[in-house]
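Colleague: Could you walk me through this model slowly, as I am still new to reading structures?

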Amino acid sequence: MASLANQFNGLRSLPFSPSSISKKQRFTHNQTCKKQHTTKKPSFGVVAYKVTPESVPLSNETRERQKLKEIFEAAYERCRTAPMEGVSFTLQDFNDALEKYDFNSEIGTKVKGTVFLTDAHGALVDITAKSSAYLPLQEACIHRIKHVEEAGVFPGLKGEFMIIGENEADDSLILSLRNIQYSLAWERCRQLQAEDAVVKGKVVNGNKGGVVALVEGLRGFVPFSQVSSKSTAEELFDKELPLKFVEVDEEASRLVLSNRKAVADSQAQLGIGSVVTGTVQSLKPYGAFIDIGGINGLLHVSQISHDRVSDIATVLQPGDTLKVMILSHDRDRGRVSLSTKKLEPSPGDMIRNPKLVFEKAEEMAQIFRQRIAQAEAMARADMLRFQTESQSPLTLSSEGILGPLTSDLPAEGLDLSDIPSADE
């Protein structure tokens with residue numbers, strides 16, 4: 001031990017000088033001492049430690065907030081430095097979109113829309129405006145309806161609507177389909193007038209001057225001077241009349257019709273021997289009155305069938321539809337005589353099988369017309385032959401045979417009093 005101590009004593013150290021320590025070493029030494037001085041606080045033997053953010057564990061919520069904060073800060077920096085970088089929607093695209101969805105909302109303008117909701121009072125329509133538009137019930141159809149579905153308005157319906165007003169409460173627009181339908185109805189009436197067509201109109205009202213009839217959804221006036229029959233407004237109410245257009249003025253909302261012209265046109269087309277379809281209007285002891293296109297014709301009881309008909313009601317009823325042949329037409333008196341007997345394939349078919357008579361009507365009428373034509377040709381040939389053989393006047397015998405006037409005929413001529421009138 002003594003020798004070891006002598007060895008250490010023999011070692012010499014360099015004399016200490018502050019200048020021999022660099023500034024950096026002194027700064028590090030001072031900082032270390034300061035840290036030790038600050039961290040060591042006498043507190044009854046308890047040692048205190050410095051708490052840093054890195055030493056505290058973070059919750060998931062805190063991490064999400066930090067992540068969102070970083071995203072927002074990055075987005076803010078991009079908007080500040082390069083706002084249009086990576087954006088495909090340009091300013092021109094924005095202007096084009098405005099032009100595409102912008103429309104004129106003035107009253108009377110037509111817009112396209114889609115129905116997306118209906119209720120008892122109307123329907124909501126999407127017209128790509130800032131708010132939905134409304135279609136009231138009374139504006140959904142040209143006719144009176146109780147629900148918009150009666151006019152074919154259902155959710156999903158796409159169509160054209162007319163703007164007729166604005167709801168001041170929520171600035172929504174009020175739409176109409178009826179106005180568009182009215183315009184189409186007037187256009188249709190002008191077309192039918194140009195074609196001189198005959199249309200059907202149902203009488204819905206009347207006054208001392210005439211009756212009001214619905215045609216193409218419009219209310220037209222038929223003066224009594226233009227009604228073919230001498231019926232009153234009460235008698236014509238709820239009946240359908242054949243009509244022709246006299247005046248069609250949309251601007252003045254004036255529609256004037258004529259039943260007399262339509263009936264005259266129909267009567268001009270009634271030819272003897274032609275077959276028409278009619279409806280039984282009423283029954284009488286002597287026959288049935290048949291409506292044939294606005295004209296009442298008489299089907300006499302003797303012209304119903306080859307077999308005897310004791311009770312017309314057992315064969316026909318009001319409302320029955322049947323085909324009849326025109327036997328005669330008195331235009332001056334407005335009387336038309338009809339027959340179903342001439343259309344029977346076999347005698348009595350009108351009583352036993354009226355459906356067969358209906359199906360074979362045109363075929364039987366053609367056969368009847370051929371027989372009439374043959375009879376007329378034979379009559380003309382006989383007349384020419386008799387005129388050639390004899391220069392004496394020709395007449396008919398009591399058996400219906402054409403021949404010269406002879407002394408065996410009664411002086412007063414033939415007695416035609418027993419032949420029934422076709423107009424009875």
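Predicted model: local features only at pLDDT ≥ 70, side-chain atom pairs only at ≥ 80, totals over all residues.

Colleague: Ok, how many helices and strands does the protein have?

Modeller: The protein has 10 helices and 17 strands, where helices (H or I, at least four residues) and strands (E, at least two) are DSSP runs numbered from the N terminus.

Colleague: And what share of the residues is buried?

Modeller: Of the 424 residues in the protein, 26% are buried, and buried here means under 20% relative accessible area, with exposed being over 50% and partly exposed in between (1.4 Å probe, protein chains only). The protein exposes about 29700 Å², of which carbon and sulfur atoms supply 54%; such areas come from the Shrake-Rupley method with a 1.4 Å probe, and for residues only the protein chains shown count as cover.

Colleague: Switching topic, which residues lie nearest the centre of the second largest pocket?

Modeller: I142, H143, R144, L214 and G217 lie nearest its centre, out of 14 residues that line the pocket. Helix α5 (178–194) and strand β7 (210–215) are the elements that give two or more residues to this lining. The space in the second largest pocket is about 370 Å³.

Colleague: What counts as a pocket, though?

Modeller: On a 1 Å grid over the protein atoms alone, a pocket is an open set of points where a 1.4 Å probe fits, with protein on both sides within 12 Å along at least five of seven lines, and lining residues have an atom within 4 Å of a point. Grid points are joined across faces, edges and corners, and the volume is the space filled by probe spheres set on the points.

Colleague: Is E139 buried or exposed?

Modeller: E139 counts as buried because its relative accessibility is 10%, whereas R178, at 25%, counts as partly exposed.

Colleague: Which residues are linked with R190 in a network?

Modeller: E187 and E250 are linked with R190 in a network of salt bridges. The side chains of E250 and R190 meet at 2.9 Å, N to O, and since E250 lies in the loop between β9 (240–249) and β10 (254–258) and R190 in helix α5, the pair ties together parts that are 60 residues apart in sequence.

Colleague: Last one, which residues form the nonpolar patch on the surface?

Modeller: L68, I71 and F72 form it, with about 310 Å² of accessible area together. Patches are made of residues with over 30% relative accessible area and no salt bridge, where like charges are joined within 9 Å and nonpolar side chains (Val, Leu, Ile, Met, Phe, Trp, Tyr) within 5 Å. F72 lies in helix α3 (residues 60–81), and F72 is exposed, with a relative accessible area of 57%.

Definitions and conventions
Residues numbered from 1 in each chain as written. Heavy atoms only, no water. Salt bridge = Lys/Arg side-chain N within 4 Å of Asp/Glu carboxyl O.
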